[in-house]
Amino acid sequence: MGKRYYCDYCEKTMVAAPAIVRTHNNGIVHQKLVQEHYQQFKDPETILLEESSKRPCSRFANGTCQFGNICRYSHYNREQLDALRRYVESKNFNKSILTQPSFEELYNKLQNEKSLQTEQNDGNTVAVDKNGITHVFPWTYNPIFDSYGDNLPPSIKRLKIEDFENASITEWG
Ligand SMILES: [Zn+2]
Ligand SMILES: [Zn+2]
């Protein structure tokens, strides 16, 4: 008995003569099985790209195409291609969601920034008068000057709400 060649794709044993193996490898049945084997490892993106560049196979529509996955025409119909396209799109969409911060993360970030801002404003520009009305001044103070007490020039002195009580507002103009 001579050497035997076993084809994994076709699960077929044959005489291990180069001519016989070559003929087998070029045969439609073998190529179809090889294609089917690799088709299952292909990305949906690749299949979509390949199949949408082919013209539809009219023989396959009649059920008379013998070429299977090695047919140069597409065996996918419009609906199948559309479904594949939607699948690829939703896959990419989910991917982009995963790499972006979630809504919750964005919301928390915004809240943190907001509370930081109000903390900065507190004590600097907000004063409450004895009627309980909050006044927000459109300026800020440098806290360093607080340690100088009343010895500061009026322009950088922190104004207290009492400073406004006896103020006589003169109309200008
Ligand atoms: Zn084979
Ligand atoms: Zn075909």
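Predicted model: local features only at pLDDT ≥ 70, side-chain atom pairs only at ≥ 80, totals over all residues.
**Hairpin, helices and overall shape**

User: In the hairpin of β1 and β2, which residue takes a positive phi?
Analyst: The hairpin has four residues between its strands. β1 (residues 4–7) and β2 (residues 12–15) pair in the antiparallel sense over four bridges; pairing takes at least two DSSP bridges. Helices (H or I, at least four residues) and strands (E, at least two) are DSSP runs, numbered from the N terminus. The phi near 50° belongs to Glu11.

User: Where is confidence lowest in the protein?
Analyst: Residues are numbered from 1 along each chain as its sequence is written, with chains lettered from A and ligands numbered from 1 in the order written. The protein averages 83, and α1 is highest at 96. The lowest mean, 72, falls in helix α7 (residues 162–165).

User: Is Arg22 buried or exposed?
Analyst: Arg22 sits in helix α1 (residues 18–26). Buried means 20 or more other C-beta atoms, placed from the backbone, within 10 Å of its own; exposed means 12 or fewer, and partly exposed lies in between. Arg22 has 10, so Arg22 is exposed.

User: What radius of gyration does the protein have?
Analyst: The radius is taken over C-alpha atoms, and the globule rule is 2.2 Å times the number of residues to the power 0.38. A compact globule of 173 residues would come near 16 Å. The C-alpha box is roughly 115 × 40 × 30 Å along the principal axes. The protein has 40 Å.

Key:
pLDDT = per-residue confidence, 0-100.
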